[in-house]
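Hi everyone, thanks for coming.

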Amino acid sequence: MIRKISILAAAMLAASAATVSAQTTGDWVLGNYKGAGYWFPGIIDKIAGGKVTIRYDDGDKETVALADVRPYNWAIGTKVECNFKGQGDWYRGTISSLAGEKIGIAYDDGDKEVTKTGRCRSK
């Protein structure tokens, strides 16, 4: 019985941690840019009045509601879409390496690329 309670408590803690948004200036986050349903990486510049200003990795800046911010959770194996060679076309792939803003992508069509996080997004 105690083991079941411990497992349940751990599951509840993990679930609540996944829904908590980063709330500290300087945190690396994912922002729902222009509310379009795509999540782009960036750094929190400012927090005021329930709004968060994000400086995205691609250089754009936007102020959004706290609900439009997620903790940065990209890791090797995460499915993303990236702007292949920065030429404007977005393709699906999987993160194969990650070192700060340098990201390796294995595209679904077999191509590979090392690019910057600012050229990628997730759903």
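Let me start with a cut-off: a residue is called buried under 20% relative accessible area, exposed over 50%, and partly exposed in between. Asp 45, with a relative accessible area of 27%, is therefore partly exposed. Do keep in mind that this is a predicted model.

Who does Asp 45 pair with? Its salt-bridge partner is Lys 61, with the closest N and O atoms 3.0 Å apart. Lys 61 sits in strand S4 and Asp 45 in strand S2, so this contact ties together parts 16 residues apart in sequence. Lys 61 itself is exposed, at 54% relative accessibility.

Now to Glu 81, which is buried, with a relative accessible area of 12%. Glu 81 forms a salt bridge with Arg 121, and there the closest N and O atoms are 2.9 Å apart. Because Glu 81 lies in strand S6 and Arg 121 in strand S10, the pair joins parts that are 40 residues apart in sequence. Arg 121 counts as buried, at 12% relative accessibility. Glu 81 also meets Arg 92 in a salt bridge, at 3.8 Å from N to O. Arg 92 belongs to strand S7, and at 56% relative accessibility it counts as exposed.

That brings us to the strand pairing. S7 runs antiparallel to S8, joined by six bridges, and Ile 95 stands opposite Ile 105 in S8. In their hairpin, Gly 100 takes a positive phi near 65°. S8 is also antiparallel to S9, through five bridges, including one between Gly 104 and Val 114.

How values were computed. Residues are numbered from 1 along each chain as its sequence is written. This is a predicted model: local features need pLDDT of at least 70, side-chain atom pairs count only at pLDDT 80 or more; totals for chains, interfaces and linings use all residues. Side-chain values use heavy atoms; hydrogens and water are left out. Two strands pair if DSSP finds at least two bridges between them. Helices (H or I, at least four residues) and strands (E, at least two) are DSSP runs, numbered from the N terminus. A salt bridge is a side-chain nitrogen of Lys or Arg within 4 Å of a carboxyl oxygen of Asp or Glu. Buried means under 20% relative accessible area, exposed over 50%, partly exposed in between (1.4 Å probe, protein chains only).
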